[in-house]
Amino acid sequence: MKKAKDRINPTVNGIKPSGIRKFFDVAAEIPDAISLGVGEPDFVTPWSVRNAAVRSLQRGYTSYTSNRGLKELREEIAFYLSSRFNLHYDFEKEIFVTVGASEAIDVALRALVTPGDGVLVSDPSYVSYAPGITLAGGVPQPIRTEAKDDFKLTPQALEKAVTDKSRVIIFPYPNNPTGAVMNKKETEEIAAVIKKYDLTVISDEIYAELTYGERHVSICAGEGMKERSVVISGFSKAFAMTGWRLGYIAAPKEISEAMLKIHQYVIMCAPTFSQYAALYALREGRKDGYRDVEYMREQYDMRRKYLVSGLNKIGLTCFEPRGAFYAFPCVKSTGLSGEVFAERLLREKHVAVVPGDAFGDSGKDFVRCSYACSLSQLKEALERIEEFTRGLARC
């Protein structure tokens, strides 16, 4: 008889567990630990949005919605994308609601990737991309990005990474974990290479509202890009709605319908009460200029400047992130790799950060620090990190 481990799909067996979770789990058991690891807003979903969900439950709106999601929500998403990011999609045929952006990424990969296809992705990037590519039967093709370029994807790096197997590129800007953003000129340069090799783009824009300085520019808004692109976003980050598990996909009709088939069979529809909450968030946001979103961005901006300045003063070189809510300092000066630095910092000073190699080989000399926490926590964390690095210098 086969052992239990021999009954598991070899592809799943070959995937490493998330490099983030083990630090969260250890930190949760330390009473005075400060976590700079969590990729989650520390703001509570606004009460008016929560109340909209409560009202939907009180009215008995507890049935399935259509597979695509509430019609009214899709209309609002279409308006939001058009008015905020110059992305124009038909809410009836080109947009559908997913269980978070995570489902959207999975569905997009499974719809677009044929076994053996190469999928290009910036390195470092979000931990789920490479496993998702593998589970879809594709082959991850990392594109190294570097601190000297502010971790932006360059046309030269993309050209170098493309092979005759390359079919899809994941374009994850603003970037997790680096905080890098791409401006209009830079996205146009990348778009030219994408067109040259006839690649399909999965543009993960979950942090689109969290940029500091220039507003986010979607690569999918460029000339000739819509027909070859899938836009992924959601409500978790900018609207402080992580636990509601609500995202969405926008894509040309044919691609949208292909992805919807997968969504129909594995999900059916996103949670109904979450959809009503998101509908309210977008409708009210339209009326008041997305005031709650703007307030949270201002708070993150203040924390961003404080954390980055503090890390540089300590001697952990950190370029200025222009998006998301992460700093990505280099720890090479300490003589430790990112993984060893993170492990020892947690064990000795009870501060949790994420080793950079959890996001790709290019991050091995870095750690990710989230500033989605209070200024008082950031202050205490910086003091502990400074004590830790001083101790290393004395050894």
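Which residues does Thr98 touch, not counting residues up to four places away in sequence? They are Glu103, Ala104, Arg245, Leu246, Gly247, Tyr248, Ile249, His263 and Ala270, where contact means heavy atoms within 4.5 Å. This is a predicted model, in which local features need pLDDT of at least 70, side-chain atom pairs count only at pLDDT 80 or more, and totals for chains, interfaces and linings use all residues. Residues are numbered from 1 along each chain as its sequence is written, and side-chain values use heavy atoms, with hydrogens and water left out.

Thr98 belongs to strand S2 (residues 95-98); strands are DSSP runs (E, at least two residues), as are helices (H or I, at least four), numbered from the N terminus. Thr98 has a relative accessible area of 0%, so it counts as buried (under 20% relative accessible area, with a 1.4 Å probe and protein chains only). Its side chain reaches the backbone oxygen of Gly100 at 2.8 Å and the backbone nitrogen of Tyr248 at 3.3 Å.

Ile249 is a link to the next topic. Leaving aside neighbours within four places in sequence, Ile249 is in contact with Thr98, Ala104, Val230, Ile232 and Met259, among others.

Definitions and conventions
Buried < 20%, exposed > 50% of the residue type's maximum accessible area, 1.4 Å probe, protein only. Polar contact = N/O pair within 3.5 Å; in protein donor to acceptor, adjacent residues only side chain to side chain.
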